[in-house]
Amino acid sequence: MATGGQAGHPTAGQAGHPIRSFVLRQGRVSNAQQRYRADLMGTIGVPYRAANVDLDALFGRPAPRILEIGFGMGETSAAIAASHPENDYLGIEVHTPGVGSLCKLVAELGLHNQRIIQHDAVEVLRDMIAPASLAGVHIFFPDPWPKKRHHKRRLLQPPFVALLASRLQPGGIVHCATDWQDYAQQMLTVLSAEVLFENTATGFAPRPEDRPQTKFEQRGLRLGNGVWDLVFRRR
């Protein structure tokens, strides 16, 4: 149920290389995904470069900006963007099938408030997003890396959370969700330890209505699996 496109965690590994929280899988790209990606990324795609992006110019207007990290196949992203035309959404995903899938949804739904960056999210957040420029961040079902020896690859670690906080406006919201209980507890611990964040709930939050339930989530709930939402506000 977890999405695959997460950021690389900015902790150095062996030989000084960053520890990545994603693996570039060779997933099959359908003809439709390939076609829509080729047709639309020239218009809604944002190439990575180490310079702050002018978000007003990118979207053609001033508006609240929500960054989504690891949008998977894009169903949730498209549904949220369609429901909130007053906001602009910038989605980050490393996997080509997901990028193609969201491009297809953007075309089918006629969305004008969705842009996509196909690149590592830590580098995008660090190099392209200006401090205090985001109204919100969504991180839904990041790769849980369930084996204990792989926990260092999990996205929600203190250095990344500090970077997130610096890019949010005062009052901005970071909304995370996971279906792995031990990762949920780690998220709660790490987010609660960041001095720039305050929890909007006592512990975990009820699922906000703005987060649509995916088919995978609905199936998991029917099987008795839990889902944990965390909603923190930038002080």
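Okay, strand 3 and strand 6 (residues 134-140) pair in the parallel sense over three bridges; pairing here needs at least two DSSP bridges between two strands, and strands are DSSP E runs of at least two residues, numbered from the N terminus. Quick caveat: this is a predicted model, where local features need pLDDT of at least 70, side-chain atom pairs count only at pLDDT 80 or more, and totals for chains, interfaces and linings use all residues. Residues are numbered from 1 along each chain as its sequence is written, and side-chain values use heavy atoms, with hydrogens and water left out.

On the strand 6 side, Leu-67 has Val-137 as its bridge partner. Strand 3 also runs parallel to strand 4 (residues 88-92), joined by five bridges, and there Leu-67 partners Leu-90.

Now the second largest pocket, about 270 Å³. Of its 16 lining residues, those closest to the centre are Ile-66, His-138, Ile-173, His-175 and Asp-210. A pocket is an open set of points on a 1 Å grid over the protein atoms alone, where a 1.4 Å probe fits, with protein on both sides within 12 Å along at least five of seven lines; lining residues have an atom within 4 Å of a point. Points join across faces, edges and corners, and the volume is the space filled by probe spheres set on them. Strand 6 gives the most to this lining, five residues.

Methods: Helix = DSSP H or I, 4+ residues; strand = E, 2+ residues; numbered from the N terminus.
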